Every structure is written in C-alpha cells, then in structure tokens.
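Please consult the sequence and the structure displayed below.

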Amino acid sequence: PMGRAVKLIVRVEGSDEAAEQGIDENLLKSEFFQVKLERWQSSDTPAEISLDLPPNSSAEKGSLLFLRRLADDSEADWSSFKWWQEAGFEETSLFPALYLFDQVLMEDICKEITSALEEISGSLP
C-alpha cells in the first residue's frame, strides 16, 4: 500500500536552483528517515525533507538519481555499471547523488557510488 507523500526539496547552495519531488514514505527506510517519520506522525510538522547540494551541482539530476535508487526495492546493491547507466553515462551526475545519500546517512549506498566513480575514473582515458 502507498504511504503518505513526503516532499523532497533539493537546493543548490548559492543559486535559486531547486528540485521538488513527491516521494512515498514507504521508500524512506534508513534510520535518518525513520526519525523524521516519527516526528511527522507526532506533530503538525509538514512531511518535508530539505537537502542541499554544493554550488554547480544539478538539483534535478541529483534528486532523480536519488529517488530512482530509493525506489529500487530489490535489496540488491547497484553495480558500477548500473550507476553509470542510471546516471545517463554522465560521471558528473553521480556526484550530486553521492552528496544526497551522504546527507541522509546511507553509507552503504555512498560506498556503491564511490566504487562506481573509482571504477569509471580508472577506465577513462
């Protein structure tokens, strides 16, 4: 069953760029999110997560990749090729996703992205 919609807001520091997406609360499985979900259920606080990216990042690309990974409920790690493919074969799209997963303390996924970046950079001329 679908849960409550949570608003994900991704902003880029030093710019007006922002991306907003609705996300099903059932996708928010990390401890970071569970604490927030408990707070939302026990108060009138809006169900909203706001994350920041460093300057010159793409809020749209970062948030889409972030949401795609959260929505993959296969429980399997993504391979380096899968990350590369999902990032549209653009190495720079992986950095915003890495920043976002780091902010929500999802270390396992950060390791997946870091491995993909290392593999990609090692294979580029």
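Six salt bridges are found in a search of the whole structure, where a salt bridge is a side-chain nitrogen of Lys or Arg within 4 Å of a carboxyl oxygen of Asp or Glu. The model is predicted: local features need pLDDT of at least 70, side-chain atom pairs count only at pLDDT 80 or more, and totals for chains, interfaces and linings use all residues. Residues are numbered from 1 along each chain as its sequence is written, and side-chain values use heavy atoms, with hydrogens and water left out.

- Lys-7 pairs with Glu-48 in a salt bridge whose closest N and O atoms are 4.0 Å apart.
- Because Lys-7 belongs to strand S1 (residues 5–12) and Glu-48 to strand S3 (residues 48–53), the pair ties together parts that are 41 residues apart in sequence. Helices (H or I, at least four residues) and strands (E, at least two) are DSSP runs, numbered from the N terminus.
- Lys-7 is partly exposed at a relative accessible area of 36%, and Glu-48 is also partly exposed, at 35%. In these terms, buried means under 20% relative accessible area, exposed means over 50%, and partly exposed lies in between (1.4 Å probe, protein chains only).
- A network of salt bridges links Lys-7, Glu-20 and Glu-48.

- Glu-86 forms a salt bridge with Arg-68, the closest N and O atoms being 3.4 Å apart.
- Arg-68 lies in helix H2 (residues 59–71) and Glu-86 in helix H3, so this pair ties together parts that are 18 residues apart in sequence.
- Glu-86 also forms a salt bridge with Lys-82, with 3.0 Å between the closest N and O atoms.
- Both Lys-82 and Glu-86 lie in helix H3, four residues apart, or about one turn of the helix.

- The side chains of Ser-80 and Glu-119 make a polar contact at 3.1 Å. A polar contact is a pair of N or O atoms within 3.5 Å; within protein, one must be able to donate a hydrogen and the other to accept it, and residues adjacent in sequence count only if both atoms are side-chain atoms.
- Ser-80 is in helix H3 (residues 80–86), whereas Glu-119 is in helix H5.
- Ser-80 counts as buried at 12% relative accessibility, while Glu-119 counts as exposed at 53%.
- Glu-119 is 35 residues from Trp-84 in sequence, and their C-alpha atoms are 9.9 Å apart in space.

**Negative surface patch**

- Asp-77, Asp-102, Glu-107 and Asp-108 form a negative surface patch. Patches are made of residues with over 30% relative accessible area and no salt bridge, with like charges joined within 9 Å and nonpolar side chains (Val, Leu, Ile, Met, Phe, Trp, Tyr) within 5 Å.
- The place of a charge is taken as NZ of Lys, CZ of Arg, CG of Asp or CD of Glu.

- Most residues other than glycine have a negative phi.
- Asn-56, although not a glycine, has a positive phi of about 70°. Asn-56 occupies the loop between S3 and H2 and is exposed, with a relative accessible area of 81%.
- Leu-105, likewise not a glycine, has a positive phi of about 60°. Leu-105 is found in the loop between helix H4 (91–103) and H5 and counts as exposed at 61% relative accessibility.
- Leu-105 and Glu-31 are 74 residues apart along the chain, with 8.1 Å separating their C-alpha atoms.
- Glu-31 is in helix H1 (residues 31–41) and is exposed, with a relative accessible area of 70%.

Conventions
Accessible areas come from the Shrake-Rupley method with a 1.4 Å probe; for residues, only the protein chains shown count as cover. Lys and Arg count as positive and Asp and Glu as negative; His and the chain ends are not counted.
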